[in-house]
Amino acid sequence: ILVAEASGNAITLLKVHHARFSQLVFVTQLTPALGVQLTGHLAASTFGYVWYTYLDLPTSFAIGSLFLDEELRESPPSELLDDLAAQCYNDTWFHTELLTNESMYMNTLGYFL
């Protein structure tokens with residue numbers, strides 16, 4: 001999923017967060033070559049193509065296009081363990097409760113795997 005925005009003289013790429021669909025994640029900002037001024041009109045396809053209009057200074061208008069790699073246009077879900085590792089957990093609970101209770105340990109381990 002791609003959202004492209006022409007702002008100033010750059011194209012800002014945003015994509016939807018893989019788990020929180022109401023949030024956008026900054027991907028990158030693309031800037032044109034020297035002597036090129038974006039005019040603000042652009043279109044993007046779901047396949048990763050972006051078309052934009054620009055002014056080739058001093059007076060020549062043109063249409064340009066680019067293709068975005070899959071890493072820039074997709075929002076794959078992260079691994080479950082990565083999400084869990086990013087969260088804070090109770091280390092004392094893990095060592096005193098979980099490791100001493102075999103059935104709870106097996107249930108938790110099964111959930112992680």
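Q: In which strand does S60 lie?
A: In this predicted model, S60 lies in strand β6, which covers residues 60-67.

Q: Why is S60 called partly exposed?
A: The relative accessible area of S60 is 37%. Buried means under 20% and exposed means over 50%, so S60, at 37%, is partly exposed.

Q: What makes Y54 and L55 contacts of S60?
A: Contact requires heavy atoms within 4.5 Å. Leaving aside neighbours within four places in sequence, S60 is in contact with Y54 and L55.

Q: What makes β4 and β6 the edges of their sheet?
A: The open sheet has 3 strands in the order β4-β5-β6, with antiparallel pairing. β4 (36-44) and β6 each have a single partner strand, so one side of each is left without a neighbour in the sheet. Neighbouring strands here are turned by 25° against each other on average, direction ignored.

Q: Why is strand β2 described as largely enclosed by the rest of the structure?
A: Of the 7 residues of β2 (residues 10-16), 7 are buried, so the strand is largely enclosed. Both faces are covered: A10, T12, L14 and V16 are buried on one side, and I11, L13 and K15 on the other.

How values were computed: Residues numbered from 1 in each chain as written. Predicted model: local features only at pLDDT ≥ 70, side-chain atom pairs only at ≥ 80, totals over all residues. Heavy atoms only, no water. Buried < 20%, exposed > 50% of the residue type's maximum accessible area, 1.4 Å probe, protein only. Helix = DSSP H or I, 4+ residues; strand = E, 2+ residues; numbered from the N terminus. Pairing = 2+ DSSP bridges. Axes fitted to C-alpha atoms, helices over the stretch in contact; angles between N-to-C directions.
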